[in-house]
Amino acid sequence: MELSKSKFNVYSSLGSAKMRRKHGLFSVEGEKSVSDTLGLFDAEAVICLKEKADSFARCGCNLYVVTEPEMRKLSNLSTPSSVMAIYRLPESGQDHNLRVPADRLYMVLDGVQDPGNLGTIIRTCHWFGIYRIFASRDTVDVFNPKTIQSTMGSVAKVKVDYVDLASLFEANRNLPVYGTLLEGKDIFKAELSACGFILMGNEGKGISPALRTYITDPLLIPPAGPDHSESLNVAIAAAVTIAQFRK
């Protein structure tokens, strides 16, 4: 099927958060990522090069075959893939319904800005069995193409809700809130619960002062000695923290 000029213009604009919200769509690129997410999101279209058409002939939505120059214009990657899927944006969580089951572990992100970091955290959560992330409204968009690419398909398995984090903690006072702070307890010696919130902060500023007051159990990932880097990358810190909870 041939891709119309109007749809081409819409699909090629989805690298912008504004245009994703305007059209209610987002894109996923890469043969594996598309295969992993088909059937898990509401698909509007699959776009591919001619040699991949047979592989996606039964995708269950409109299939458009394009040329390599056209794919380069549609793609948000420096090296375009041979396959792209267009999905409808799922509904996000609402602040008026923030009560969560008390027997689970949740990741909470306060102002994470780098799309690669967010994607890596989503992928890590999927690996360790954390299937829900709550993010502050100033956290980078989960449907940013770089975030999607970094998740390697895990974006379809881990739900990310953008909510007011203070309201989330207020609604779940029965759950502990763990946060990484310099004055925290050594995470390798601390007693950790199998449920609660793990709060990670902004790459440069850390956890905001307003949210620090909700931390019930401050934790520290200690360096090996006095000669160490200034800080850990937030995605690496999240991985170390989650792994210790799952130990």
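Mentor: A residue counts as buried under 20% relative accessible area, as exposed over 50%, and as partly exposed in between. The model we are reading is a predicted one.

Trainee: Why is methionine 152 called partly exposed?

Mentor: Methionine 152 has a relative accessible area of 35%, and because the middle class lies between 20% and 50%, methionine 152 is partly exposed. This residue sits in the loop that links α6 (145-151) to β7 (159-162).

Trainee: What makes the phi of methionine 152 worth a remark?

Mentor: Most residues other than glycine have a negative phi. Methionine 152, which is not a glycine, has a positive phi, near 55°.

Trainee: How do you know whether serine 13 is buried or exposed?

Mentor: The relative accessibility of serine 13 is 17%, and because the limit for buried is under 20%, serine 13 is counted as buried. Serine 13 belongs to the loop between α1 (5-11) and α2 (17-23), and, once its neighbours within four places in sequence are set aside, serine 13 is in contact with Met19 and His23.

Trainee: Why is threonine 37 called buried, and which residues does threonine 37 touch?

Mentor: Threonine 37, which has its place in helix α3 (residues 31-37), has a relative accessible area of 1%, and therefore falls under the 20% limit for buried. Not counting residues up to four places away in sequence, threonine 37 touches Val28, Tyr87, Gly153, Val155 and Ala156.

Trainee: What makes the pair of threonine 37 and tyrosine 87 a polar contact?

Mentor: The side chains of threonine 37 and tyrosine 87 come to 2.8 Å in this contact, and a polar contact needs a pair of N or O atoms within 3.5 Å. On that distance the pair qualifies, and the contact is made by side chain to side chain.

Trainee: How do you know which strands are the edge strands of the four-stranded sheet?

Mentor: That open sheet has the order β1-β4-β2-β3, with mixed pairing, and β1 (25-29) and β3 (62-65) are its edge strands, as each pairs on one side only. From one strand to the next, the twist averages 20°. The pairing of β1 with β4 (residues 83-88) is antiparallel and rests on five bridges, where two strands are said to pair if there are at least two bridges between them. Within this pair, glutamate 29 stands opposite methionine 84.

Trainee: What makes β7 and β10 the edges of the open sheet of six strands?

Mentor: The six strands follow the order β7-β6-β5-β9-β8-β10 and pair in parallel. At the edges, β7 and β10 (217-220) have a single partner strand each, so one side of each has no neighbour in the sheet. Neighbouring strands here are turned by 35° against each other on average, direction ignored.

Trainee: Why is β5 said to be largely enclosed by the rest of the structure?

Mentor: Strand β5 (residues 105-109) has five residues and five of them are buried, so the rest of the structure largely encloses β5. In a regular strand the side chains alternate between the two faces of the sheet. In β5, Leu105, Met107 and Leu109 point one way while Tyr106 and Val108 point the other way.

Trainee: How do you know that β5 pairs with β9 and with β6?

Mentor: β5 and β9 (residues 196-200) run parallel and are joined by five bridges, with leucine 109 opposite methionine 200. β5 and β6 (residues 132-135) are also parallel, over three bridges, and here methionine 107 stands opposite isoleucine 133 and valine 108 opposite phenylalanine 134.

Trainee: Which residues touch the most other members of the largest nonpolar core?

Mentor: Among its 47 residues they are Met107, Leu109, Ile121, Ile133, Val142 and Met200. Helix α9 (residues 234-245) gives the largest share of this core, six residues. Apart from this core lies another, of 19 residues, including Tyr106 and Val108. Isoleucine 121, leaving out residues up to four places away in sequence, touches Met107, Leu109, Ile133, Val234, Ala235 and Ala238. As for α9, this helix lies across β5, β8 (177-186), β9 and β10, and runs at about 155° to β9.

Methods. Residues numbered from 1 in each chain as written. Predicted model: local features only at pLDDT ≥ 70, side-chain atom pairs only at ≥ 80, totals over all residues. Heavy atoms only, no water. Buried < 20%, exposed > 50% of the residue type's maximum accessible area, 1.4 Å probe, protein only. Helix = DSSP H or I, 4+ residues; strand = E, 2+ residues; numbered from the N terminus. Core = buried A, V, L, I, M, F, W, Y, C linked by side-chain atoms within 4.5 Å. Contact = heavy atoms within 4.5 Å. Polar contact = N/O pair within 3.5 Å; in protein donor to acceptor, adjacent residues only side chain to side chain. Axes fitted to C-alpha atoms, helices over the stretch in contact; angles between N-to-C directions.
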